[in-house]
Amino acid sequence: MTERTRGPMPALMSAIFVALLGSAAGVQAQERALTGAAWQHADRAYKAYAKGDYVHALQEARAARRLRPDVPRLQALEEQARATVDAANAASAAQEKARRAQALAQQAYAKAQQPEQVDAAVALIRQALQLNPQPLPWHVLQARLLLSAQRWSEVDAGLQIHPNQSALLQAKAYALLQQGQDVQALQVLDQTLSSASGLSADARAGLLRQGADTALAAGQLAQGREWARQLQTMSAENAAQDAAVRLQLLQSGLSFQLSMPAPDLSCNAEAVCTASYAFDIENGLANAAYAAARLQQWPQVQSLSQTLLKLQPAKGACWQLLIAALQGQGQGDVARTQAQQALQAMAGQDSGLKPAELAQIAHTAGDKQAEADFYTAAEQGHALPAAQLEDAAFAAEHVGDSRAAVRRHVAALDSADTGQIRFTSQQRQDVRLAVGDLDRQWGSSAGVFSSRGSTLPGGQSGSSGYRSLQTVGEVFWRPQQLRGDGTFVDLYGRYMGNLRAAPQEATGPESSQLALGIRAKPFGSQNLIVAAERWQKLGAASRNDWLLRAAYSYTKDMYGPVNRERWMTGDLYLEAGRYLQSGEKYATGELRYGPQWRLRGSDSGNWGLWGYGVAAAEYNSSYRRTGAGSVGVGVSLRRWLREDRTHAGRSWVDFTVQYRVRMGGDDRASGLVARASWYY
């Protein structure tokens, strides 16, 4: 017993006590009078009871009754004192239980503020509800915590006490949806909308939003449209705008896997509890699309992005998703068409994309000029990512902007040196080769050639079987303004002459020949050269004429794979021409293939030794025997020059010796062939 059993006498107990006193006076005449200790105990019992000291009263009544069990009024006094003490103890226990429940609930509220303490908060609020199952705010807190912990099957516990509470019903509907029970979730929301009364406009608008989104996710489009139309008529903030977006999606005939947020449950100081539901559905669809893209679920990404584009036709991120989805499904042509439409839709609009991102869409669209322009804008705005420097360089190459291409290739090498991007050794060499080719504006070459007949185009030696020695030198200029997508134009001048020839043929100054010409590489993907030359007479034995010629070459691994000492190299050269005045026609071809060794140097190798088999053929309409064919073996030693951090070797010296066996026609293509050439 506690001190709480002492206090003012309850009204009922006071009435009973008065009755006892009254009855005591009536029976005193019939019973032997109380005396001695019994009287003293009884007197103290009555007085303690009158003072509200029920525990003391019970003790004294028991003591008096033990001495005088024959007195009925003492029995009544004891029973009444016991009843009063029991009632007081029960009230005290109830108060302690309520206090304990309140303390547990307060601890649960504190834990609920810490995401990592959700499970502890659930345990505490459940203990509180076991002690006191009535408070609605505690049930709402429990539901909110269970939603956060994704313990879906436990969310509806509070409805056993508060079966029609709208916030708890909204929480149950969301939990059912997460468990795949779409129909049941819609039924709960329909019940809530039908029975809920007294909701604020904002609360009812949130309930309608949740209903429309649940119907959209469940594919129950008719029900969703009905709720969206109700939302459209409400005066709550953003209700009309949210309804319009949802109606457009619901009318598309598609269902979506939406990552809907849970309703936000809360109670105010007056224990009025509501569920707030707000969802940026466009952002939700975008998140769903990105999640599907991470899982490479491309049909889903395509469907979501197409829907988003109906809402925002100029949204660049949605176009990116759609293009990626089509490419992921192997629909390259469709992706190209969509990229072209994207550029049109975003033109002059705020697409939300950076220039470098727009350049990627332009690349997919095949719009080389637009791609180059976007990369230029990114570069000028200092917003060209290091990872896209090579793409930007190639885009500049495609439109003939060699200066920008070189600048970006060099920037990519710098970025690789600083660790911003990663280049393999082979990639680094390829970039250095590209830089060396693109920044060339002029060049020169010289060579000495020895064979049984002329080795020059339209050469002057018509005798076979006599070893000739010829020299050639050239200077050319390559205007950067005339560069295109892998194409260029050269203006050049070339000198030719015989150092040694058959006795009846001219040598020295008499054989000097000058050619001035223009040549072009018209196709970026093929190394085909077409040229027109004016042959200008210098020596007495030279000529004035016009020459039209075409040449094709293909080289495989002349530099060779990086970090390999031996590899296979191939080279094919074909050329044909016609002199307009003399009518002379010629053709020549040579194929070489064999192993090459890197002897010394950097990634491209300063020295390369190449051994190979060779097949050669010639035709000249002015020779006595027009055709010649041979096969044989050869070896070439090349020294690469002018190499630095950003350029692979741009110049070389090459020494070649071949021995060929005649296979048909004249023997001028057979025997020993020697060449020494320099290219700068």
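The structure holds 37 salt bridges, a salt bridge being a side-chain nitrogen of Lys or Arg within 4 Å of a carboxyl oxygen of Asp or Glu. It also holds nine aromatic pairs. This is a predicted model, in which local features need pLDDT of at least 70 and side-chain atom pairs count only at pLDDT 80 or more, while totals for chains, interfaces and linings use all residues. Residues are numbered from 1 along each chain as its sequence is written, and side-chain values use heavy atoms, with hydrogens and water left out.

- Side chains of opposite charge can pair when their charged atoms come close.
- Lys 368 and Asp 485 form a salt bridge, with the closest N and O atoms 2.7 Å apart. This pair links distant parts of the chain, 117 residues apart: Lys 368 is in helix H17 (residues 368-380), and Asp 485 is in the loop between strand S4 (468-477) and strand S5 (488-500). Helices (H or I, at least four residues) and strands (E, at least two) are DSSP runs, numbered from the N terminus.
- Lys 368 counts as partly exposed at 38% relative accessibility, and Asp 485 counts as partly exposed at 27%. Buried means under 20% relative accessible area, exposed over 50%, and partly exposed in between (1.4 Å probe, protein chains only).
- Glu 379 and Arg 408 meet through their side chains in a salt bridge of 2.9 Å, N to O. Glu 379 lies in helix H17 and Arg 408 in helix H19 (residues 402-417), so the pair ties together parts 29 residues apart in sequence.
- Glu 379 is partly exposed at 21% relative accessibility, whereas Arg 408 is buried at 1%.
- Glu 618 pairs with Arg 668 in a salt bridge, the closest N and O atoms being 3.3 Å apart. Glu 618 lies in strand S11 (residues 607-620) and Arg 668 in the loop between strand S13 (651-665) and strand S14 (671-679), so the pair ties together parts that are 50 residues apart in sequence. Both residues are buried.
- One network, joined by salt bridges that share partners, holds Glu 474, Arg 478, Asp 490, Arg 494, Arg 519, Glu 533, Arg 549 and Glu 575.

**Aromatic pairs**

- Rings of Phe, Tyr and Trp (its six-membered ring) pair if their centres lie within 6.5 Å; planes under 30 degrees apart count as stacked, over 60 as edge-to-face and the rest as tilted.
- Tyr 559 and Trp 640 have ring centres 4.2 Å apart and planes at 20°, so this pair is stacked. It links distant parts of the chain, 81 residues apart: Tyr 559 is in the loop between strand S8 (545-556) and strand S9 (566-579), and Trp 640 is in strand S12 (residues 627-641). Tyr 559 and Trp 640 are buried.
- Trp 610 and Tyr 612 have ring centres 4.6 Å apart and planes at 50°, so this pair is tilted. Trp 610 is buried at 3% relative accessible area, and Tyr 612 is buried at 5%.
- Tyr 559, Trp 640, Trp 652 and Tyr 679 are linked by ring pairs into a cluster.

**Charges over rings**

- A charge sits over a ring if NZ of Lys or CZ of Arg is within 6 Å of the ring centre and within 35 degrees of the ring normal.
- Arg 478 lies over the face of Phe 488, at 3.8 Å from the ring centre. Arg 478 also belongs to the salt-bridge network.
- Arg 592 has its charged end over the ring of Tyr 612, 5.2 Å from the centre.
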